[in-house]
Amino acid sequence: MPASTDDKRESKGARRPEASAGNTELDYQRALETAGRLLGKPLDLPLAEGEPTVGEDFRRLATVATFGQSWPRPGLDDRSRALISVTIAATLGTHEPLRGQLRIALHSGVTKEEIVELFIHLAAYAGAARAFDSYQDALAVFAEPD
């Protein structure tokens, strides 16, 4: 049975319950714990100089969505998610997220050799220029002290 005009009007501005999911302090703390486990150290996302305080809201929402809702899901292990995340960040050319994903991958048991193989494969599908550019971030992370 089709919805009436009144039903459509009521639902048009109504918030779906899941729209506010993941916004509790407990959700945020759990996301920070997951991020810390994956990185091997606490996640630190301070505001940049001149950044408005609303930037904290952005960081919180991104942290909960990524480390609170996506990473803990069943179906893929951390190692697989790490390889996928490196591939996505490299393909998109997002340098700082790529460096973070590379650190997570290495901490999740992915070897440097496997990461190089990932970039070889990426060159075939996303182009050599994109792979080479992103590979420079991998080299920088490889050089970081353990």
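Q: What makes the contact between the side chains of Glu 51 and Arg 59 a salt bridge?
A: The side chains of Glu 51 and Arg 59 meet at 2.6 Å, N to O. A salt bridge is a side-chain nitrogen of Lys or Arg within 4 Å of a carboxyl oxygen of Asp or Glu, and the 2.6 Å of this pair therefore qualifies. The structure is a predicted model, in which local features need pLDDT of at least 70 and side-chain atom pairs count only at pLDDT 80 or more, while totals for chains, interfaces and linings use all residues. Residues are numbered from 1 along each chain as its sequence is written, and side-chain values use heavy atoms, leaving out hydrogens and water.

Q: Why is Arg 59 called buried?
A: Buried means under 20% relative accessible area, exposed over 50%, and partly exposed in between (1.4 Å probe, protein chains only). Arg 59 has 18% relative accessibility, so Arg 59 counts as buried.

Q: Why is Glu 51 called partly exposed?
A: Glu 51 has a relative accessibility of 23%, and therefore counts as partly exposed.

Q: How do you know that Arg 79 and Glu 114 form a salt bridge?
A: The closest N and O atoms of Arg 79 and Glu 114 are 2.5 Å apart. This pair links distant parts of the chain, with Arg 79 in helix α4 (residues 78-92) and Glu 114 in helix α6 (residues 112-126), 35 residues apart. Helices here are DSSP runs (H or I, at least four residues), numbered from the N terminus. Arg 79, at 27%, is partly exposed, and Glu 114, at 31%, is partly exposed as well.

Q: What makes the length of α4 close to the expected one?
A: The expected span of a helix is 1.5 Å times one less than its number of residues. With 15 residues, α4 reaches 21 Å from its first C-alpha to its last, close to the 21 Å expected.

Q: How do you know that the buried residues of α4 lie on the same side?
A: The buried residues in α4 are Arg 81, Ala 82, Ser 85, Val 86, Ala 89 and Ala 90. They cover an arc of only 160 degrees around the axis (taken from the directions from the helix axis to the C-beta atoms), so they are on the same side of α4. An α-helix has 3.6 residues a turn, so residues three or four places apart point the same way. The cover over the buried residues of α4 includes α3 (55-70), α5, α6 and α7.

Q: What makes Asp 77 a cap of α4?
A: A side-chain oxygen of Asp 77 lies 3.3 Å from the backbone nitrogen of Arg 79, at the N-terminal end of α4. Just after α4, Gly 93 takes a positive phi of about 75 degrees.

Q: What links Arg 99 to other residues?
A: Arg 99 is joined with Glu 96 and Asp 137 in a network of salt bridges. Arg 99 is found in helix α5 and, at 21% relative accessibility, counts as partly exposed. Not counting residues up to four places away in sequence, Arg 99 touches Asp 137 and Val 141 (contact means heavy atoms within 4.5 Å).

Technical notes:
Helix = DSSP H or I, 4+ residues; strand = E, 2+ residues; numbered from the N terminus. Polar contact = N/O pair within 3.5 Å; in protein donor to acceptor, adjacent residues only side chain to side chain.
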